[in-house]
Amino acid sequence: MKSYPVNGRFGEFGGQFVPETLVPALQELESAYLRWKSDAGFRAELDGMLREYAGRPTPLYFARNLTKRAGGAMIFLKREDLLHGGAHKINNTLGQGLLAKRMGKQRVIAETGAGQHGVATAIACAALGLKAEVYMGSVDIERQKLNAYRMELMGAELHSVTAGSRTLKDAINEALRDWATNISTTYYLIGSVVGPHPYPVIVRDFQSVIGKEIRDQMRRREGRLPDAVVACVGGGSNAMGSFHEFVEKRGVKLVGVEAGGAGRGRNAASLAEGRKGVLHGMLTYVLEDEDGQIRETQSVSAGLDYPGVGPEHSYLKERGRATYVTVRDKDALRAFHLLAEVEGILPALESAHAVAHAVKMARSMKKEQSIVVTLSGRGDKDVQIVAKEAGLEI
Amino acid sequence: MSEISKAFAGLAGSEGALVTYIMGGDPDPDTCSKVIDAVVAGGADIIELGIPFSDPIADGKSIQAAAVRALSAGTTPRRVLELAKNAKEKHHVPVALMTYFNIFYSQGFENFLRLAKSHSVDGIIVPDLPLDEASRYARISRRMGVDNILLAAPTTSAGRMRMLASNTSGFLYLVSVLGVTGARQSLRRSTLALIAFAHRYTQGRVPLAVGFGISAPEHVREVIEAGADGVIVGSSIVDRVADYRENKSKVLQNLEEYVRSLKAATRG
Ligand SMILES: Cc1ncc(COP(=O)(O)O)c(C=O)c1O
């Protein structure tokens, strides 16, 4: 089940629903990826960058105070927030950046929602000597001005997208259009386990370092695997990266947490409320209206604000191997404050969704059981939003 | 033989077919039927009717804007099917629907195709359903007698071009440039070479029609002379419709004249 998908599909999900122009480029990408992923020189270079530049391995921290507060299972935090750039995104951008270089592409394009993937792309491209251009919806630029400027500081060119809902999904549309236009010179560095095959596989594989470290760290510390792994799901890359190692290990419960927004119909919970559909080249769960038009989404966290989800998550849900729940804006905000107060850690609002659910789960579990929560990013980027939600202006 | 195939077969020796793209429901459903009247009066041989979709990844600015206009005017897929049916009844012109796969998938491909067929639709063009994905649905469209018109691109290899030519029906839609839809000022020399390349695989098998970027009668002439059996003009028609709110009657009249000039160029 955890093996490479068959013909680009995870069960019925995935595929390559893209214009003909892109089909040969995806084939070229797949063969380059298959060639380089097991190449010793490529692996050594990537591992070196992850260790010396990005800051891997990240700690697995036993959150003693949070555990006490929850009053049940032990809660461990996988500290992806401590990576360079402040989120797990760099695991993927370094991997794909090196792949782009091996493929001889000098120009890298990317989409970004909250700006975290844009920042991670700008970082990787600066370090690897590639030119980065980032598409970002004009609404998101407004919401995440600081990240937009951070990208520019690191030499990335920012393109404001004013089409559609002017958020992440429109930025992906625009990046796909750019790619079709500049296909021979350009590498499209997608930021999550979404899009046409082979992207969901490539991004999962580069992120799977998270789960591998969790496995080793838990074995070393506790002498066994965790009872549950919990991660937030936007497109689903930090969750897939956390889950992948454990998919075959039946004793480990896998829980994905989607953005519950303001409640039913006003959220970004594609797995909970969506239907099977086709968006951005993949067959997966999407939020759409009865005619098949993609719906606008709502979440306090820009990084989860996406009307689709990686096809492998749709598959894991359908197979019953992972479960998916939702956490509303207000509960994510409460978890943000809780973690800040009891552990001195500001989680990204995305990750705060996972924290909220883990606390709830821990309550109904035994003291000797353990939950690992992937803290996908740090909350510095969200401080202004949190202040505003608390009625403060800073 | 399908209505679309007949439209190609019925043309005189060196004459090419003119396929005109209109966004269904643009600027609003009622006006759209007048737009159809105008392009048919101008001599369009086949109508390609778009169903607006929220995320049109193969389209440039012009057609994106048309989709926004149509959707904000309340256009639904069913309303576009009614427009198709009316156009067929009134003008007896073949109609191909152009939209993204999710519009089909969300209703069930077979259900939606049956509904389209009952609205006299002759063919479908789905830019995000390439050969490999389309093959899962080929049996359904064949059984229903609806042409599934496949697209080829500048990046298509010889091997794929051969497969596309033998799997498409109605015609093969050759995307003339890298990128998205949108009017371009001039034809690239590479486009003419691409037409000659594709023509080797379609010749004697299926008509070849060329689209993306074609906006002037001179382009039409060159494309036909390079070996195409037809041309598809979209964005520059849609751009004219975009002016409708300001200049109502003039727009329809100008559009008809514009289409007439394109049609004349298909005859040489
Ligand atoms: C910190 C953080 N966590 C999670 C996400 C959601 O992405 P994914 O579901 O691909 O991990 C983002 C996206 O921007 C993010 O910045």
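## Strand pairing

Two strands pair if DSSP finds at least two bridges between them. In this predicted model, strand β10 (residues 253–261) of chain A and β13(A) pair in the parallel sense over seven bridges.

Strand β13 of chain A spans residues 322–328. Five of its seven residues are buried, so the strand is largely enclosed by the rest of the structure.

## Helix α13

Helix α13 of chain A covers residues 311–319. Its buried residues include Pro311(A), Glu312(A), His313(A), Ser314(A), Tyr315(A) and Leu316(A). Just after α13(A) comes Gly320(A), with a positive phi of about 75°.

## Backbone exceptions

Most residues other than glycine have a negative phi, and most peptide bonds are trans. Chain A has exceptions of both kinds.

Arg56(A) and Pro57(A) are joined by a cis peptide bond, with omega about -5°. Pro57(A) sits in the loop between α2 (40–54) and β3 (60–62) of chain A. A cis bond also links His197(A) to Pro198(A); here omega is about 10°. Pro198(A) is in the loop between β8 (186–188) and α9 (199–207) of chain A.

Arg166(A) is not a glycine, yet its phi is positive, about 60°. It lies in the loop between β7 (157–161) and α8 (168–181) of chain A. Arg166(A) counts as partly exposed because it has 18 C-beta neighbours inside 10 Å.

His280(A), also not a glycine, has a positive phi of about 50°. Its loop runs between β11 (275–279) and β12 (282–286) of chain A. With 27 C-beta neighbours inside 10 Å, His280(A) counts as buried; the cut-off is 20 or more.

Conventions
Residues numbered from 1 in each chain as written. Chains lettered and ligands numbered in written order. Predicted model: local features only at pLDDT ≥ 70, side-chain atom pairs only at ≥ 80, totals over all residues. Buried ≥ 20, exposed ≤ 12 C-beta atoms within 10 Å, placed from the backbone. Helix = DSSP H or I, 4+ residues; strand = E, 2+ residues; numbered from the N terminus.
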